[in-house]
Amino acid sequence: MGITIEISKENESALMTAIDQHLKNPGPLMPILHDAQQIFGCIPLEVQKIISRETGVTIAEINGVVTFYSSFSQTPKGKETIGVCLGTPCYVRGAQIILDTVKKELGIDVGETTDDGEFTLDAIRCIGTCGMAPVMSIGEEVIGEMSVEKVKKVLKGRRK
Ligand code: FES
């Protein structure tokens with residue numbers, strides 16, 4: 001699932017300029033990836049390949065960094081990000097079932113975006129509202145005391 005992005009000549013040349021600039025400094029990979037995320041809105045494999053070719057860093061290493069840091073993503077983010085909290089208090093109150101339900105309802109896995117570009121799903125850590133566990137967020141909104149039925153209802157409401 002997910003969306004493939006088109007790499008325009010313009011964006012590719014912006015990336016090349018960023019790479020040239022950062023290669024002059026020590027530790028260029030992170031700043032290059034930050035710029036790539038800005039330019040393309042995500043860092044898909046095609047972009048990782050260009051960075052690998054230009055810097056000599058292996059794809060495996062680049063991919064490891066991109067998947068490790070949540071500020072980077074391999075697919076474009078949706079209009080809204082849904083976060084399911086997997087912190088311990090939420091987890092013991094059924095967060096896994098909530099996450100599984102969201103995955104099933106949207107047909108995507110964690111880190112992916114729906115084909116219509118509406119939603120990106122993230123697994124998040126405690127956001128400080130454990131009193132209402134299990135908790136889910138949609139954009140800036142935090143919704144507590146989630147249940148399977150509530151997930152379905154909330155998503156249905158958002159999809160109208
Ligand atoms: S653990 Fe989920 S809000 Fe704290």
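Biologist: In this predicted model, in what order do the 4 strands stand in the open sheet?

Modeller: The sheet is open and is built from 4 strands whose pairing is mixed. From one strand to the next, the twist averages 20°. Read across the sheet, the order of the strands is β2-β1-β3-β4.

Biologist: Which strands stand at the edges of that sheet, and why is one side of each left without a neighbour?

Modeller: An edge strand here has a single partner strand, so one side of it is left without a neighbour in the sheet. The two strands to which this applies are β2, residues 119-124, and β4, residues 141-143.

Biologist: Which residue of β3 is the bridge partner of V84?

Modeller: Strand β1, residues 80-85, and strand β3, residues 136-138, run antiparallel and are joined by 3 bridges. Within this pair of strands, I82 stands opposite I138 in β3. For V84, the bridge partner in β3 is M136.

Biologist: Which strands does helix α7 lie across, and at about what angle does the helix run to β3?

Modeller: Helix α6, residues 95-106, packs on the sheet, where it touches β1, β2 and β3, and its direction makes about 150° with that of β1. Helix α7, residues 148-159, lies across β1, β2, β3 and β4, and its angle to β3 is about 0°.

Biologist: Turning to the helices, at about what angle do α1 and α3 pack?

Modeller: Two packed helices are described by the angle between their axes together with the distance between those axes. For α1, residues 9-22, and α3, residues 45-55, the axes lie 11 Å apart. The crossing of α1 and α3 is right-handed, and the angle between the two helices is about 35°.

Biologist: At roughly what angle do the axes of α2 and α3 cross?

Modeller: In this pair, L29, I32, L33, A36 and F40 of α2 meet V47, I51 and T55 of α3. The contact divides into 7 nonpolar residues, 1 polar residue and no charged residues. Helix α2 passes α3 in a right-handed crossing; the axes come within 11 Å and cross at roughly 145°.

Biologist: Which helices do the buried residues of α3 pack against?

Modeller: The buried residues of α3 are V47, Q48, I50, I51 and S52, and G56, which follows the helix, has a positive phi near 85°. As a group, the buried residues of α3 pack against α1, α2 (29-40) and α4 (59-68).

Biologist: What is the relative accessible area of P44?

Modeller: P44 lies in the loop between α2 and α3. From S8, P44 is 36 residues away in sequence and 14 Å away in space, taken C-alpha to C-alpha. Buried means under 20% relative accessible area, and P44 is buried because its value is 7%.

Biologist: Is Q37 buried or exposed?

Modeller: Q37 has its place in helix α2. Leaving aside residues up to four places away in sequence, Q37 touches C42, I43, S71, F72 and S73. Its relative accessible area is 13%, so Q37 is buried.

Biologist: For the protein chain as a whole, what percentage of the 160 residues is buried?

Modeller: The chain has 7 helices and 4 strands, which follow one another in the pattern α-α-α-α-β-α-α-β-β-β-α. The C-alpha atoms fill a box of roughly 50 × 30 × 25 Å along the principal axes, and the chain exposes about 9,000 Å², of which carbon and sulfur atoms supply 53%. Of the 160 residues, the buried share is 37%.

Notes. Residues are numbered from 1 along each chain as its sequence is written. This is a predicted model: local features need pLDDT of at least 70, side-chain atom pairs count only at pLDDT 80 or more; totals for chains, interfaces and linings use all residues. Side-chain values use heavy atoms; hydrogens and water are left out. Axes are lines fitted to C-alpha atoms, for helices over the stretch in contact, and angles run from 0 to 180 degrees between N-to-C directions. A crossing is left-handed if the near helix is turned anticlockwise from the far one by less than a right angle, and right-handed if clockwise. Buried means under 20% relative accessible area, exposed over 50%, partly exposed in between (1.4 Å probe, protein chains only). Contact means heavy atoms within 4.5 Å. Accessible areas come from the Shrake-Rupley method with a 1.4 Å probe; for residues, only the protein chains shown count as cover. Two strands pair if DSSP finds at least two bridges between them. Ala, Val, Leu, Ile, Met, Phe, Trp, Tyr, Cys and Pro count as nonpolar, Asp, Glu, Lys and Arg as charged, and the others, Gly among them, as polar.
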